[in-house]
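Colleague: I am new to this structure and would like to learn how to read it. Can we go through it feature by feature?

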Amino acid sequence: MKKWYLVIIVLTCIFSGISCKDVFKAMTIPPAAISEIYALSGARIWLYGKYVEVKDVQDRSDSCYIMIYIKSLPGEVTTSEAALDQAKVFTKTFIESAVKVLSKYDINKDVSVWAQLLLKDGEVNVLGNVSYDAKAHTFHDFERYESKLTK
């Protein structure tokens, strides 16, 4: 009788390990989805591709982090205020597209898209971000980034 208890405990541990592995696997963003998110900035159907470049996509344990650059067109200089207006529009459109890509792969994670303006000297100006709450299935509006150094 004691052997059966041992067998049941061992089988329970094995099945728990297998189910946890499947849950973790489902939460991981596949490389194909990450590639599709990178490709969004160059997609012809996406009207803003010439203004936006995806710089980073990270699969974090609890979310997907995306960083985009607002680009100046050749011969033009984009001011911080103009870039802020562009960021408000581009990040909203971009996060909606990214969530669609992730849902195609059955990934339901929080998503944040951060916009930065690339400056002439290679530095960046962080403009702000938008986010998506996966549990509530809601998008949060653009929030301007306020540096703690300037407060």
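Modeller: Start with one cut-off: a residue is buried under 20% relative accessible area, exposed over 50%, and partly exposed in between. Lysine 92 has 46%, so lysine 92 is partly exposed. Keep in mind that this is a predicted model.

Colleague: What share of the residues in the protein is buried?

Modeller: Of the 151 residues, 33% are buried. The protein exposes about 10100 Å². Carbon and sulfur atoms supply 60% of that area.

Colleague: Now the fold. How many helices and strands are there?

Modeller: The protein has 3 helices and 5 strands. Along the sequence the pattern reads α-α-β-β-α-β-β-β.

Colleague: And how much of the contact comes from residues 24 or more positions apart?

Modeller: Take the contacts with a separation of 6 or more. Residues 24 or more positions apart account for 51% of them.

Colleague: How do I read the sheet?

Modeller: Strands of a sheet pair through backbone hydrogen bonds, either parallel or antiparallel. Here the 5 strands form an open sheet with mixed pairing. Their order is E1-E2-E3-E4-E5.

Colleague: Which strands are at the edges?

Modeller: Strand E1 (52-59) and E5 are the edge strands. Each of them pairs on one side only. From one strand to the next, the twist averages 20°.

Colleague: What packs on the sheet?

Modeller: Helix H2 (residues 31-39) does, and it touches E1 and E2. The direction of H2 makes about 160° with that of E1.

Colleague: Which residues of H2 are buried?

Modeller: Ala33, Ile34 and Ile37 are buried. Look down the axis of H2: its buried residues fall within an arc of 100°, so they line one face of the helix. Those buried residues pack against E1, E2 and H3.

Colleague: Next, salt bridges. What should I look for, and how many are there?

Modeller: Look for a side-chain nitrogen of Lys or Arg within 4 Å of a carboxyl oxygen of Asp or Glu. The count comes to 5 salt bridges.

Colleague: Where do arginine 144 and glutamate 81 lie?

Modeller: These two residues form a salt bridge, and their closest N and O atoms are 3.6 Å apart. Arginine 144 lies in strand E5 (residues 138-144) and glutamate 81 in helix H3 (residues 80-104), so the pair ties together parts that are 63 residues apart in sequence. Arginine 144 is partly exposed, with a relative accessible area of 47%. Glutamate 81 is also partly exposed, with 47%.

Colleague: And what does lysine 55 meet?

Modeller: Its side chain meets that of glutamate 53 in a salt bridge, 3.4 Å from N to O. Lysine 55 is partly exposed at 38%. Glutamate 53 counts as partly exposed at 28%.

Colleague: Let us follow single residues. Is valine 130 buried or exposed?

Modeller: Valine 130 is buried, with a relative accessible area of 2%. It lies in strand E4 (residues 124-133). Set aside its neighbours within four places in sequence, and valine 130 is in contact with residues including Thr91, Ile95, Val111, Val113, His140 and Phe142.

Colleague: How far is valine 130 from phenylalanine 94?

Modeller: Their C-alpha atoms are separated by 9.5 Å. Along the chain the two are 36 residues apart.

Colleague: One last residue. What does glutamate 143 contact, beyond its neighbours within four places in sequence?

Modeller: Glutamate 143 is in contact with Leu127, Gly128 and Asn129. You will find glutamate 143 in strand E5.

Definitions and conventions:
Residues numbered from 1 in each chain as written. Predicted model: local features only at pLDDT ≥ 70, side-chain atom pairs only at ≥ 80, totals over all residues. Heavy atoms only, no water. Helix = DSSP H or I, 4+ residues; strand = E, 2+ residues; numbered from the N terminus. Buried < 20%, exposed > 50% of the residue type's maximum accessible area, 1.4 Å probe, protein only. Contact = heavy atoms within 4.5 Å. Areas by Shrake-Rupley, 256 points an atom, 1.4 Å probe, with all protein chains shown as cover. Pairing = 2+ DSSP bridges. Axes fitted to C-alpha atoms, helices over the stretch in contact; angles between N-to-C directions. Arc of directions from axis to C-beta.
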